[in-house]
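Work through the exercises below with the sequence and the 3D view open. Try each task before reading its solution.

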Amino acid sequence: MFAPRLRRIAVILSFLAAVAAVAGGVWAYGYAEALRQLHSRGQSDLALAGDRLTGELQQFRSLAVLMADHPTVTGVLAGGVDPSASRALLLEVADKTGSLDVIVVDNRGVELAAASGTPPDPHAGRPYYERAMDGALGVYHQLTDRYGRRVSDPYGRRTFLFAAPVFSETGPPVGAVMVVADVEEVEAVWRGDRPTVFFTDELGVIFVSNRSELVFRSRSGDMRAAGQSAEYPTGRIMPFVHYESRLWQGMDLWRVDAGRYVPERALHLELDLPVIGLVGEALLDVAPARQLALLQATVTAALCLAFGALLFLATERRRTLAEANQRLEARVAQRTAELSDLNTDLRREVAERTAAEARLKKAQADLVQAGKLSALGQMSAGISHELNQPLMAIRSFAENAEAFLAKGKQDVAAQNLTRISDLARRMGRIIRNLRAFARQESEALSDVDIIAVVDVVLEMASARLTQSTVTVIWDRPSGPVMVRGGEVRLQQVILNLVTNAVDAMEGADEKRLEIGLSAEWPKVFLTVRDTGPGIDEPEKIFDPFYSTKTVGSGDGMGLGLSISYGLVQSFGGNIRGRNHPDGGAAFTVELAGVAGKGAT
């Protein structure tokens, strides 16, 4: 007892460990896929931010190149234009382009004119100036105390400076035009956008960012070197709190502490921007990726646990059933002998019931056949008349044909022979219908044309209808109407209804038999109405041995309608009898129609 319990506990623990491993694998895979998608979107966002910054600064670069060829600038450097007179032009250009300052410097690094009108600042030896004097475009960024004091900002102002050389007619540069751009104005339009983007210089200092709290933070860790450089005054550089940086499946993941607007866990991306001398970097929040991976792992673990729970319950149920089965086997063995005896008795009873059922079916078939033969017996006189009349006519036409042939009148003899042939066909049709009606039908249900069935019944009963002076009104449709049934059995039902109607109208003043056909798809209804006295008890009309005829009259035992009711039920139909409002009785036979075959 103790060992199986330990085995089940070990299986459960092993399953939980497997579920944890699968969930961990799903988490790792989902996290990696989410990071790849984040990495792809982040590269596009970073490239867009870099292009945006470069584009904003390019206009100042282009302005410096254009101003280098301006006549006023070349005139100031050549000494032909008063520097103080050129300040109006420089100020107008700075105002219209949004530049912080436009400065003209000679080949000694001395400012000759400036749009701001501030005291001149020496530029000799500065990298941007030296590059311009070498004939190239100088680009530089710095924290300018000079403008900081002008706006009462103790921290100074971040600027980008573009220096374009001004060439003399002989070739060497005679000076430079410098355009100073305010970085805060450039980044103001995209501050606060997502994702977190910043741009660092060669010293590792963040100089431009859409998060103001990141500006002047040093990634290199050497804040003293950055703070003592020409670009940044001492004391302005702060550390960039960066807990860790690790590569995970080729991606750089960071943990930082830089304020509430910078993600703590982020995917780090870099993009080199040589045009402005900075490196673009982005921090993409990985919290959504972690949540998505955690959700996937949780769903996987839940499904596995649910499956495991169902499997455990099924196993426990199977074990319980096995134990119960063992207990039941003993009880089953105990009652096997009793059940065996009962089974023998049951087989004997089934055999007896089967034999009784076979006898019942045979009796029913014999009863149906007896009903048909009884109907034929009742029509025997009429049938004899129907056959005797054409026989007498055949004899007369034959004698006349012999006489006409003796006189050489072949045409008249041929007409008599033709009439003899028509009468023989008529007799053959009557005998064929009677033979078909008299046989026992054993075929399964089929598609039967009810119009043809009614025609055959009226032909078989024509002698009696004529003898009883009954007027038949048969609203016969032009085309066939197919129903499900047995042809001979359906003839017996309709013939029984017709002969009952003739019997009911025996003493009536008006003898009229109406046969109608209608359809309410998928049902077909055949109605037989007489003008007799009607039905005394419509609810009993289909009971066996119920009859409205006089007892001892020899007209039947009251089984005709009961047999008809059983035959119609075997077709899957129904038969109803009622008194017609205008007098007489009306019987309706309801049968299943056959789609696509015939029309009413």
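**Exercise 1.** Which residues in helix 11 meet which residues in helix 13?

*Solution.* The model is predicted. Begin by locating the two elements: helix 11 covers residues 450-460, and helix 13 covers residues 487-504. On the helix 11 side, the residues that meet helix 13 are Ile-450, Val-453, Val-454, Val-456, Val-457 and Met-460. Their partners in helix 13 are Glu-487, Leu-490, Gln-491, Ile-494, Leu-495 and Val-498.

**Exercise 2.** Describe how helix 11 and helix 13 are placed relative to each other.

*Solution.* Two packed helices are described by the angle between their axes and the distance between the axes. Here the axes come within 9 Å. They cross at roughly 50°. This angle lies between the 35 degrees below which a pair counts as roughly parallel and the 65 degrees at which roughly perpendicular begins. Helix 11 and helix 13 are therefore oblique to each other.

**Exercise 3.** Why is helix 11 described as largely enclosed by the rest of the structure?

*Solution.* List the buried residues: Ile-450, Ile-451, Val-453, Val-454, Val-456, Val-457, Leu-458 and Met-460. They make up 8 of the 11 residues of helix 11, so the helix is largely enclosed. Then look at the start of helix 11, where a side-chain oxygen of Asp-449 comes to within 3.1 Å of the backbone nitrogen of Ile-451.

**Exercise 4.** Which residues touch the most other members of the largest nonpolar core?

*Solution.* The core has 51 residues, and those with the most contacts to other members are Leu-35, Leu-57, Phe-160, Phe-199, Val-208 and Leu-267. Helix 1 (residues 2-67) supplies the largest share of this core, 12 residues. Apart from it lies another core of 43 residues, including Val-448, Ile-450, Leu-458 and Val-483. Now take Phe-199: among the residues it touches are Ala-49, Leu-53, Trp-190, Val-208 and Leu-273.

**Exercise 5.** Is Asp-106 buried or exposed?

*Solution.* Find Asp-106 in strand 1 (residues 101-106). Its relative accessible area is 7%. The cut-off for buried is under 20%, so Asp-106 is buried. Among the residues that Asp-106 touches are Leu-77, Leu-112 and Tyr-129. For the protein chain as a whole, 40% of the 600 residues count as buried.

Definitions and conventions: Residues are numbered from 1 along each chain as its sequence is written. This is a predicted model: local features need pLDDT of at least 70, side-chain atom pairs count only at pLDDT 80 or more; totals for chains, interfaces and linings use all residues. Side-chain values use heavy atoms; hydrogens and water are left out. Buried means under 20% relative accessible area, exposed over 50%, partly exposed in between (1.4 Å probe, protein chains only). Helices (H or I, at least four residues) and strands (E, at least two) are DSSP runs, numbered from the N terminus. A polar contact is a pair of N or O atoms within 3.5 Å; within protein, one must be able to donate a hydrogen and the other to accept it, and residues adjacent in sequence count only if both atoms are side-chain atoms. A nonpolar core is a set of buried Ala, Val, Leu, Ile, Met, Phe, Trp, Tyr and Cys residues joined through side-chain atoms within 4.5 Å. Contact means heavy atoms within 4.5 Å. Axes are lines fitted to C-alpha atoms, for helices over the stretch in contact, and angles run from 0 to 180 degrees between N-to-C directions. Angles under 35 degrees count as roughly parallel, over 145 as roughly antiparallel, 65 to 115 as roughly perpendicular and the rest as oblique. Lists of a residue's contacts leave out its neighbours within four places in sequence.
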